[in-house]
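Welcome! Have a look at the picture first, then try each task before reading on.

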Amino acid sequence: SEEKGRKIRVLLTDIPSQGYEQESVLVQAAGGLHITGAVEKESAAGEVVNVEELLSEGQIRISACNEGDAIIVPSLQKNQGIPSYEGVLEVNKNDRGFYLINEVDLETYLKYVVPSEMPADYPLEALKAQAVCARTYAVSQMEEGRLEEYHADVDDTVSFQVYNNMESHERTDRAVQETAGKVMTSGGKLITAYFFSTSCGHTSTDEVWNGETKETYLKSTYLGEEEKNLETEEAFSSFIQSEAPSY
């Protein structure tokens with residue numbers, strides 16, 4: 001299935017605060033910024049713009065004057081440090097503060113999701129599988145509308161998928177490019193492409209995510225040689241403290 005050309009709207013958070021609303025917003029770009037909406041402004045090359053001094057209510061849209069420049073947001077903190085964003089940055093002011101949305105091509109979004117969710121030095125085929133999972137999950141969330149209140153599709157945390165916590169990488173870029181537009185379906189519909197960081201050798205059904213229905217395409221599978229019954233606390237405690245075979 002092809003999903004090329006779609007744009008996704010990502011609600012941004014700050015690691016220290018974890019909230020959607022920010023007290024202040026600082027933005028800059030190497031070649032300056034073009035600001036439209038409630039305020040019209042062109043900033044100088046490298047100038048740091050304090051949105052709090054510009055916007056008392058309403059919305060502005062910010063793009064880099066020079067094509068290829070990223071929008072740097074010094075007021076946000078991620079594991080990589082100060083993040084920068086491709087596409088358009090939309091800043092909205094409500095009675096609780098500012099909230100920021102990065103509107104970006106879906107494929108570009110994935111280039112910043114995959115390295116944030118899987119180490120870029122993993123095998124290419126694993127990264128490609130992650131890219132397809134991430135794309136499928138993103139598109140299903142775009143259709144679900146959980147963040148409609150904020151006019152966004154997803155946020156940038158584990159509540160959806162981690163986005164731009166780590167910088168893009170040529171290996172994960174390649175994984176996205178080689179799977180471009182590909183999503184997973186079952187019965188002609190997008191699957192809910194859950195994934196996890198740690199499995200103890202067991203994959204899971206959707207029960208762990210409180211799924212309302214059991215999906216036939218999600219089956220719990222043991223990846224070791226001999227499956228153990230882990231239904232009791234004692235059995236599970238013994239299992240996780242014992243030497244594990246390679247899976």
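**Exercise 1: The whole chain**

What percentage of the 247 residues of the protein chain count as buried? Then describe the overall make-up of the chain.

*Solution.* Before starting, keep in mind that this is a predicted model.

Step 1. Of the 247 residues in the protein chain, 43% count as buried.

Step 2. Look at the secondary structure: the protein chain has four helices and 13 strands.

Step 3. Now take the dimensions. Along the principal axes, the C-alpha atoms fill a box of roughly 65 × 35 × 35 Å.

Step 4. Consider the charges: the chain has 20 positive and 44 negative ones, and their mean positions are 6 Å apart.

Step 5. Finally, check the contacts with a separation of 6 or more: residues 24 or more positions apart account for 64% of them.

**Exercise 2: Walking across a sheet**

Find the open sheet and give the order of its strands. Which strands stand at its edges?

*Solution.* Step 1. The sheet has seven strands, in the order β4-β3-β6-β9-β10-β1-β11, and its pairing is mixed.

Step 1. The edges are taken by β4 (41–42) and β11; each has a single partner strand, so one side of each is left without a neighbour in the sheet.

**Exercise 3: Parallel or antiparallel?**

Work through the neighbours in the sheet: in which sense do β6 and β9 pair, and in which sense do β1 and β11 pair?

*Solution.* Step 1. Start at strand β6 (residues 58–64), which runs antiparallel to β9 and is joined to it by five bridges. One place to look is R61, whose bridge partner in β9 is E90.

Step 1. Move on to strand β9 (residues 88–94). Seven bridges join β9 to β10, again in the antiparallel sense. Here N92 has Y99 of β10 as its bridge partner. A hairpin of two residues leads from β9 to β10.

Step 2. Next, β10 pairs with β1 over five bridges, and this pairing is antiparallel. Within it, L11 stands opposite I101 in β10.

Step 3. End at strand β11 (residues 154–155), which pairs with β1 over two bridges in the parallel sense. V10 stands opposite V154 in β11.

Step 4. How enclosed are these strands? Six of the seven residues of β9 are buried, so β9 is largely enclosed by the rest of the structure. For β1, four of the five residues are buried, so β1 too is largely enclosed.

**Exercise 4: A residue inside the sheet**

Locate N102 and decide: is N102 buried or exposed? What does its side chain reach?

*Solution.* Step 1. N102 lies in strand β10 (residues 97–105).

Step 1. Buried means under 20% relative accessible area. N102 has a relative accessible area of 0%, so N102 is buried.

Step 2. The side chain of N102 reaches the backbone oxygen of E86 at 2.8 Å.

**Exercise 5: Two residues in one loop**

Find D14 and Q22 in the loop between β1 and β2. Which polar contacts do their side chains make?

*Solution.* Step 1. Q22 lies in the loop between β1 (7–11) and β2 (26–27), and D14 is found in the loop between β1 and β2 as well.

Step 1. Apply the cut-off for burial. Q22 counts as buried because its relative accessibility is 6%, and D14 counts as buried because its relative accessibility is 11%.

Step 2. The side chain of Q22 reaches the backbone oxygen of Y20 at 3.4 Å. For D14, a polar atom of the side chain lies 2.7 Å from the backbone nitrogen of Q77.

Step 3. Beyond residues up to four places away in sequence, D14 touches G19, Q22, S75, L76 and Q77.

Key:
Residues are numbered from 1 along each chain as its sequence is written. This is a predicted model: local features need pLDDT of at least 70, side-chain atom pairs count only at pLDDT 80 or more; totals for chains, interfaces and linings use all residues. Side-chain values use heavy atoms; hydrogens and water are left out. Buried means under 20% relative accessible area, exposed over 50%, partly exposed in between (1.4 Å probe, protein chains only). Contact means heavy atoms within 4.5 Å. Lys and Arg count as positive and Asp and Glu as negative; His and the chain ends are not counted. The place of a charge is taken as NZ of Lys, CZ of Arg, CG of Asp or CD of Glu. A polar contact is a pair of N or O atoms within 3.5 Å; within protein, one must be able to donate a hydrogen and the other to accept it, and residues adjacent in sequence count only if both atoms are side-chain atoms. Two strands pair if DSSP finds at least two bridges between them.
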